Amino acid sequence: MLENIRVVLVNTSHTGNIGSAARAMKTMGLSQLVLVDPISPPDGKSSALAAGAGDVLANAKTVGTLAEAVADCGLVIGTSARSRTLSWPMLEPRECGEKLIAEVPDYPVALVFGRENNGLSNEELQQCHFHVCIPANPDYSSLNLAAAVQTLCYEVRMAYLYATRHPNSDVETDNEYPLSADLEGFYTHLESTLTQTDFIVANHPGMVMTKLRRLFNRARPESQELNILRGILSSVDKLTKQKD
């Protein structure tokens with residue numbers, strides 16, 4: 001299970017944090033590290049702080065965007081330390097670990113961490129199915145990146161150990177969910193159709209797509225349901241073209 005759990009670090013600015021995150025991962029049995037557009041690639045400082053986790057660091061994959069990092073994932077959970085204009089489905093750290101372990105038998109899953117100074121952008125958070133927040137001391141809630149990685153990877157490991165010790169427990173999901181790339185394709189199709197029907201005004205799109213993303217992320221359609229929605233959009237596209 002743990003081999004298909006991906007830890008994604010977005011736009012990391014300090015190379016030492018990459019190494020420390022790799023070490024935090026390995027202590028909990030995770031090995032798949034993806035770097036999204038790091039300010040600087042891993043270097044000697046990364047290796048020094050990785051200590052015995054040099055293999056995790058050496059095998060880390062670097063990509064340009066978060067979408068590329070999670071395209072083949074069926075579940076993406078983003079870390080968020082501050083409230084947003086639009087609330088997203090939230091998980092406690094324990095729930096986060098349990099959900100990742102429950103769904104990882106079906107497809108790769110991802111746990112996404114943002115920049116050291118300001119976390120994930122709203123656009124990046126909207127690519128996640130759920131958000132997780134570590135309930136730290138409200139008077140001093142600033143966790144460094146490696147500490148956040150360690151905390152959530154620990155919860156993943158605890159859920160994994162429970163699942164292996166209780167193989168007959170209800171830890172796997174029977175639902176088949178679409179991969180992140182398929183969901184993004186649906187959102188692109190939805191925005192295109194709504195623009196063609198003038199529901200979305202191209203010059204003043206407002207918050208329509210953001211709110212629809214939140215709606216569908218909250219509903220979390222299964223693969224067959226997403227296919228039905230794509231079919232509905234295609235039928236609307238066909239009628240729109242006929243009227244033209």
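User: Is Glu124 buried or exposed, and why?

Analyst: Burial is read from relative accessible area, with under 20% as the cut-off for buried. This is a predicted model, and in it Glu124 has 12% relative accessibility, so Glu124 counts as buried. The residue sits in helix α6, which covers residues 122-125.

User: Which residues does Glu124 touch, not counting those up to four places away in sequence?

Analyst: Contacts are read from heavy atoms within 4.5 Å. With that exclusion, Glu124 touches Val10, Leu66 and Arg115. A C-alpha distance is another kind of reading: Glu124 and Gly114 are 10 residues apart along the chain, and their C-alpha atoms are separated by 8.9 Å.

User: At what angle do α8 and helix α9 pack?

Analyst: A helix pair is read from the angle and the distance between the two axes. For α8 and α9 (residues 208-219), the angle is about 135° and the axes are 11 Å apart. The two helices are therefore oblique to each other. Their crossing is right-handed. On the α8 side, the contact is made by Leu183, Glu184, Phe186, Tyr187, Leu190, Glu191 and Leu194, and on the α9 side by Met209, Leu212, Arg213, Phe216 and Asn217. By class, this contact has eight nonpolar, one polar and three charged residues.

User: How are α1 and α7 oriented to each other?

Analyst: Helix α1 (residues 15-27) packs on helix α7 (residues 145-165) at about 15°, with the axes 8 Å apart. That angle makes α1 roughly parallel to α7, since under 35 degrees counts as such. The crossing of α1 past α7 is right-handed. From α1, the contact takes in Asn17, Ser20, Ala21, Ala24, Met25 and Thr27; from α7, it takes in Leu145, Ala146, Val149, Gln150 and Cys153. Sorted by class, the residues of this contact are seven nonpolar, four polar and no charged.

User: And which residues of α5 and α7 make the contact between them?

Analyst: First the geometry: the axes of helix α5 (residues 93-103) and α7 come within 8 Å and cross at roughly 55°. That is why α5 and α7 are oblique to each other. Here too the crossing is right-handed. The contact is made by Pro93, Arg94, Gly97, Glu98, Leu100 and Ile101 of α5, together with Leu152, Glu155, Val156, Ala159, Tyr160 and Ala163 of α7. These divide into eight nonpolar, one polar and three charged residues.

User: How many disulfides are there?

Analyst: A disulfide is a covalent bond between the sulfur atoms of two cysteines. In a model, the test is whether two such sulfur atoms lie within 2.5 Å. By this rule the count is zero. Cys128 is in no disulfide, and the nearest cysteine sulfur, that of Cys73, is 10 Å away.

Methods: Residues numbered from 1 in each chain as written. Predicted model: local features only at pLDDT ≥ 70, side-chain atom pairs only at ≥ 80, totals over all residues. Heavy atoms only, no water. Axes fitted to C-alpha atoms, helices over the stretch in contact; angles between N-to-C directions. Helix = DSSP H or I, 4+ residues; strand = E, 2+ residues; numbered from the N terminus. Parallel < 35°, antiparallel > 145°, perpendicular 65-115°, else oblique. Left-handed = near helix turned anticlockwise from the far one by under 90°. Nonpolar A, V, L, I, M, F, W, Y, C, P; charged D, E, K, R; others polar. Buried < 20%, exposed > 50% of the residue type's maximum accessible area, 1.4 Å probe, protein only.
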